[in-house]
Amino acid sequence: MQTKPIALGALLALSACSQNKVPAGQLNKAASLPTTFNFSMLGLRVLTTFINRRQATTATLYGNDRARQAALGGTGAAQPGEVLALLTWRQQADPNWFGARIPGALQSLELLRTGPGSMGRPAVSYQYFTGKDLTQRADTLGQQARIAYLLAQRPAVLP
Amino acid sequence: MLGAAFVGIQFVHPPLENPPVTGDFQAPVAVKSIVQRACYDCHSNQTNLRWFDKVAPVYWQVADHVKDGRAGLNFSTWQSLPPADQKAKLWEAVNQIIAGAMPLNEYTLAHPAAKVSAQDVAVLKQYVASLAKNPPADTAKLNAADRQYRHWQPGAAQPAAVPVAPNGIAYLPDYKNWQAISTTERFDNGTMRVIFGNAVAVKAIRDKHINPWPNGTAFAKVAWDQLADAQGNVRPGAFKQVEYMLKDDQKYAATKGWGWARFKTPKLVPYGKTALFTTECIRCHQPMKNNDFVFTQPLSH
């Protein structure tokens with residue numbers, strides 16, 4: 001009988017060990033923006049977020065105050081001084097939660113700015129950057145459709 | 001002397017009974033047999049104590065585990081849970097198993113038959129995945145989102161009384177001005193989320209000092225219903241909740257160094273009846289204990 005308490009004590013002591021399968025203290029490097037781009041300096045706020053299940057992408061739409069006000073107004077008519085930015089990522093499985101997908105490789109940034117125009121319509125500039133370094137693309141194909149899409153989005157409810 | 005003490009403590013035996021099974025968990029045989037073998041001793045009213053479980057001081061720990069286990073998840077009263085809660089519990093259980101947090105190591109050490117093999121995990125994952133259905137949004141879901149959007153008055157005055165969670169943490173309206181540090185598509189429960197971090201969090205990310213996170217870190221995680229169209233385009237529908245994690249290893253020492261809070265619906269109704277609601281938060285975040293209890297892998301902008 002003397003050995004039993006010792007054996008049980010050892011059992012309790014062993015129970016202090018634990019498995020650790022979760023990577024700790026890790027940043028999502030693949031999804032991060034190049035620091036040189038200084039995206040945060042644009043001073044934009046999150047307006048809404050999207051998922052495209054067929055393409056397995058996820059995107060977050062940002063805007064400045066003017067863009068936000070215009071989007072809330074829902075008129076679709078752009079005002080000068082709006083800035084909208086859409087960041088799109090390939091999705092990856094969440095390593096920490098089976099049942100979730102998170103941003104993976106950074107795919108693109110679309111940046112829209114409106115300025116003073118003519119005949120009551122603001123001038124719209126659209127820039128398209130791709131890849132992990134956010135390299136600017138000169139291709140203008142489909143640009144008008146993207147501008148219309150970006151200006152048509154409704155902000156998510158953020159009480 | 002030691003022997004006498006050992007015999008003596010055997011009389012300190014708080015009762016551990018098996019209450020009736022009122023609505024047992026139902027699942028395909030392959031799934032149920034794994035759950036019964038690995039979980040039922042602590043998570044059901046069909047606890048089967050072996051002789052060595054009944055020997056103090058081990059018994060005291062066993063009795064505690066069973067009590068806590070049943071409180072968090074009880075497969076014997078399963079049918080009393082709404083279907084959405086059943087699904088959430090199953091996904092959480094599978095994630096606890098994947099992370100190695102469950103079954104408890106001290107339990108499987110004495111009960112090796114309860115160990116969950118890689119093959120068992122595959123069976124469980126396949127089963128819960130089969131429960132996840134995210135069809136295109138129906139009219140009811142679309143209408144609910146539209147109604148909520150119309151009633152949402154951004155920029156309007158906040159309610160006179162700021163909602164406060166039972167542990168004293170108040171709703172922080174400023175989260176909307178914080179930076180997004182990640183987003184999540186939760187196909188397990190049909191929601192989509194943005195995780196915001198305050199300036200302290202963003203600096204910690206930039207400095208790569210995120211384990212542990214510095215005091216003053218604040219996260220806000222916002223969840224919406226998914227509104228999917230037939231082409232698989234998904235946008236946020238009805239706002240479900242905003243959840244906060246506020247880091248202060250002194251102030252919140254009793255709750256793993258974090259202040260936890262959840263406010264539901266656009267009315268921002270505080271979650272939990274008493275301050276003890278945080279045990280639920282901590283239990284779910286427990287598998288991340290080596291990551292300062294944080295699930296999110298942040299990205300930097």
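**Exercise 1.** At what angle do helix α2 and helix α6 of chain B pack, and how far apart are their axes? Determine also the orientation class and the residues that meet.

*Solution.* This is a predicted model in which local features need pLDDT of at least 70 and side-chain atom pairs count only at pLDDT 80 or more, while totals for chains, interfaces and linings use all residues. Residues are numbered from 1 along each chain as its sequence is written, chains are lettered from A in the order in which they are written, and side-chain values use heavy atoms, with hydrogens and water left out.

Step 1. Helices are DSSP runs of H or I with at least four residues, strands are runs of E with at least two, and both are numbered from the N terminus. Helix α2 (residues 29-43) and helix α6 (residues 118-131) of chain B pack at about 120 degrees, their axes lying 10 Å apart; axes are lines fitted to C-alpha atoms over the stretch in contact, and angles run from 0 to 180 degrees between N-to-C directions.

Step 2. Angles under 35 degrees count as roughly parallel, over 145 as roughly antiparallel, 65 to 115 as roughly perpendicular and the rest as oblique, and α2(B) and α6(B) are therefore oblique to each other.

Step 3. Taking contact as heavy atoms within 4.5 Å, Ala30(B), Val31(B), Ile34(B), Val35(B) and Arg37(B) of α2(B) meet Asp120(B), Val123(B), Leu124(B) and Tyr127(B) of α6(B).

**Exercise 2.** Which residues touch the most other members of the largest nonpolar core?

*Solution.* Step 1. A nonpolar core is a set of buried Ala, Val, Leu, Ile, Met, Phe, Trp, Tyr and Cys residues joined through side-chain atoms within 4.5 Å, where buried means under 20% relative accessible area, exposed over 50% and partly exposed in between (1.4 Å probe, protein chains only).

Step 1. The largest such core has 62 residues, and Tyr175(B), Phe196(B), Trp213(B), Trp224(B), Val242(B) and Tyr244(B) touch the most other members.

Step 2. Leaving aside residues up to four places away in sequence, Phe196(B) touches residues including Val46(A), Leu158(A), Tyr175(B) and Trp178(B).

Step 3. Leu124(B), which also meets α2(B), is included in a second, separate core of 20 residues.
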